[in-house]
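Hello,

Here is the structure I promised to pass on. My notes follow below it.

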Amino acid sequence: LSLPMIVLYGLGTIIGAGIYVLIGEVIAIAGYLTPVAFLVASIIATFSAFAYAELSSRFPLSAGEAVYVEHAFSLRAYSISIGLLMVFIGVIASATLVKGFIGYFDYIIPIDERISIGLLVLILGGIAIWGISQSAWLAVISTLIEVAGLLIIIWVTRDNLVEVPVLLEQALSQFSGDGWSNIIAGAFIAFFAFLGFEDIVNVAEEVKEPSRNLPLAVIISLIISALLYITISVSTITTVSPVELASHSAPLALVYERAAGESPMFIVAISIAAIINGTLVMMVMATRILYGMSRQQWLPAKLSSVNTTTKTPVFTTILITLLILVFALWLPVAALATTTSLFTLLVFFSVNLSLLVIKLRDKKNNKRPEGIHCYPIWIPIAGMLSSAAFILTQIYYWVK
């Protein structure tokens, strides 16, 4: 995979995993403060993105997070726990997207939710088994389509941007009382929308010049996604009231219909493509982590067996597909999203801590790795503190 393809691969995961599915959930909590919630979530993600960028350049291997922890602490149980936690995150995130698929698919064919979930998961499992090139090209095509969809929504809502001063006035009025509480709670769900940049490192062994291309792909993907998210959230709440958006199962379709004055089927189709793409990339990520951990002899050898025809880990892909199907049929979308965000923040804390330990060790040994762009030591410290604060704040709101 080249740099452009790996950037599009990462963008497909991030964009497909967020704006098309969860913007209504964020708006239900943050209201007119939704752009601020996305901004807060992007800042939290940025520190960890830089940590991933440096670590992926140092150790361009599959099962990235588990490998980073192993190099930092040499604690096999800790490394295996992080790797399995990432697999769990991939499964739950995929299930979240599958649930989001239902709201848009009902626009086209209103069929039983269990049937549509089952068909989608099994078809995507088959594509993942088919091969990484096919999966990556499908991701590239879908990403181009879904970014075009967001740009179309921004374009058709452009006249409503004159309402931004009114929006700012309404947003500022909400800062009193529970304003910040709503921002943090909304940002916790919005954080899910930025997940995906970390998945790039888990196809490290299938990337050209990984020490150069992986860090670039991580940073580029995150910057583009943040700009799109904040812009689309402003366009959305200046077109349709937060109350309507919060109660709608396909919020971006509603925005397009209201702004363009025509059927939203075009946007519905793009939304479905985005969700399918994000689910597929998450599925591939989870299988590659299990594959990489098995290659490290941390898990049974069966999990790293590769089919001679497809060159993919078929057994592992089938296992992940079945797990996604179970969770998609079991839990509601909001519970899936918040669970994913919580466990991902725990992993981010460990990744930042690992980079900090490695940097301190290098400094102690007067060592600087060659050919690696090293970021300042405050980057992993900020990543640790922001992740921990976000977790503790959310737990406080849950208890409260």
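K311 sits in the loop that links α13 (265-295) to α14 (314-330). Helices here are DSSP runs of H or I with at least four residues, and strands are runs of E with at least two, numbered from the N terminus. This is a predicted model, in which local features need pLDDT of at least 70 and side-chain atom pairs count only at pLDDT 80 or more, while totals for chains, interfaces and linings use all residues. Residues are numbered from 1 along each chain as its sequence is written, and side-chain values use heavy atoms, with hydrogens and water left out.

K311 is exposed, at a relative accessible area of 61%. The cut-offs: buried is under 20% relative accessible area, exposed is over 50%, and partly exposed lies in between (1.4 Å probe, protein chains only). From K311 to F349 the chain runs 38 residues, and their C-alpha atoms are 34 Å apart.

P110 belongs to the loop between α5 and α6 (113-130). P110 is exposed too, with 68% relative accessibility. Its C-alpha atom is 42 Å from that of F349, which is 239 residues away along the chain.

Two loop residues have backbone angles to check. S74 has phi near 55 degrees, a positive value in a residue other than glycine. S74 is in the loop between α4 (64-73) and α5 (76-108). Its relative accessibility is 56%, which counts as exposed. N366 also has a positive phi, about 55 degrees, and is not a glycine. N366 is in the loop between α15 (333-364) and α16 (378-399). Its relative accessible area is 73%, so N366 is exposed.

**Overall fold**

The protein has 16 helices and zero strands. Its radius of gyration, taken over C-alpha atoms, is 20 Å. The C-alpha trace spans about 60 × 45 × 40 Å along its principal axes.

Of the 400 residues, 59% count as buried. Contact means heavy atoms within 4.5 Å. Take the contacts between residues at least 6 apart in sequence: 83% of them join residues at least 24 apart.

**Inside the protein**

Which residues have the most contacts inside the largest nonpolar core? They are I15, I19, F38, F191 and F197, in a core of 135 residues. A nonpolar core is a set of buried Ala, Val, Leu, Ile, Met, Phe, Trp, Tyr and Cys residues joined through side-chain atoms within 4.5 Å. Leaving out residues up to four places away in sequence, F191 touches A41, I44, A45, S341, T344, L345, F348 and F390.

Y256 is in helix α12 (residues 251-260). Y256 is buried, with 6% relative accessibility. Beyond residues up to four places away in sequence, Y256 touches I152, V156, G261, E262, S263, P264 and I267. Y256 and I372 are 116 residues apart in sequence, and 45 Å separates their C-alpha atoms.

Best wishes

Technical notes
The radius of gyration is taken over C-alpha atoms; the globule rule is 2.2 Å times the number of residues to the power 0.38.
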